[in-house]
Amino acid sequence: MTDNFICPEAFISPLVIEDAVVMALAEDLGRAGDVTSIATIPAGTKARAEVVARKNGVISGLPLVAAAFRKLDRQLEIIGHAKDGDETVAKTKLMTISGDARAVLGAERVALNYVGHLSGIATATREFVRLIAHTNARVCCTRKTTPGLRALQKYAVRCGGGFNHRFGLDDAILIKDNHIAVAGGVRAVLTRARAVAGHLVKVEIEVDTLEQLKEVLDVGLADVALLDNMDPATMKKAVEMNAGRLVLEASGGITVQTAAAVAETGVNYLSSGAITHSSTNLDIGLDIEI
């Protein structure tokens, strides 16, 4: 049960939320449950708590917060004051939970771990989006995600205003330098890829030099070219050479310091692994009302 917390610009399966919460609660509660709360808080004690943002940022993960608390007690009253995708300031109340105190304390850490981590990703993504807003480029994530958390982390990117690259190896054909080397060159690898690609499957190929890009354009079988680790001056030449024929994606070490310069070259997408693998956790806490 996710209430109305999901970001309207994003999408996530309720089964992903359910599985993530069950896995994390099982890890945290172990074999005996929350022995501290059981030992110190009388059964039936009620509590009221508020989930509060302690720093400015973009929120993501509230559906998991609600699901974590409800998994321990479906009778808890949960009132939302924000939704995923909202940009908030420090001391903003995000959610109020009322009911069984043991359930509230038992789910607290799992709930905060998820919302803090995902909000950090959404906040980092929003900064990239802001930096390139004066261009037509879009920022997207990569497969550089924490194992088991990919769907959640990619959801957080959407909450921050970014876009998703492929979710897995089965989403699209992305030919990297090692594929080219093993397959025997650009023409050979593109010919084989196009021969088996369905009509809804895109074919993207990585290029390291302008010479490689020219060969890709001459072959004419790709949909997207990934400009790997090119400097902005070279990217700009690549955009001119491409003349709108392929979608162009810039990748490789793009940071908040370089994002604007890369976007200004005219590429269509900037892919960043940093927004998922290196984002700082957003400080969000749970305050018990006395």
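**Entry 1: the whole chain**

I looked up burial and found that 48% of the 290 residues in the protein chain are buried. I note here that the model is a predicted one. I then went through the secondary structure of the protein chain, which comes to 11 helices and 12 strands. Taken along the principal axes, the box filled by the C-alpha atoms is roughly 75 × 35 × 25 Å.

**Entry 2: helices α7 and α8**

I picked helix α7 (residues 186-196) and helix α8 (residues 210-219), whose axes come within 10 Å and cross at roughly 40°. Because of that angle, I put α7 down as oblique to α8. The crossing of the two, α7 and α8, is right-handed. On the α7 side I listed V186, R187 and L190 as making the contact, and on the α8 side Q212, E215, V216 and V219. Sorting the residues of this contact gave me four nonpolar, one polar and two charged.

**Entry 3: A172**

I found A172 in the loop between α5 (150-159) and β7 (173-175). Is A172 buried or partly exposed? Its relative accessible area is 24%, so I recorded A172 as partly exposed. Leaving aside neighbours within four places in sequence, I found A172 in contact with R166, V201 and K202.

Definitions and conventions. Residues numbered from 1 in each chain as written. Predicted model: local features only at pLDDT ≥ 70, side-chain atom pairs only at ≥ 80, totals over all residues. Heavy atoms only, no water. Axes fitted to C-alpha atoms, helices over the stretch in contact; angles between N-to-C directions. Helix = DSSP H or I, 4+ residues; strand = E, 2+ residues; numbered from the N terminus. Parallel < 35°, antiparallel > 145°, perpendicular 65-115°, else oblique. Left-handed = near helix turned anticlockwise from the far one by under 90°. Contact = heavy atoms within 4.5 Å. Nonpolar A, V, L, I, M, F, W, Y, C, P; charged D, E, K, R; others polar. Buried < 20%, exposed > 50% of the residue type's maximum accessible area, 1.4 Å probe, protein only.
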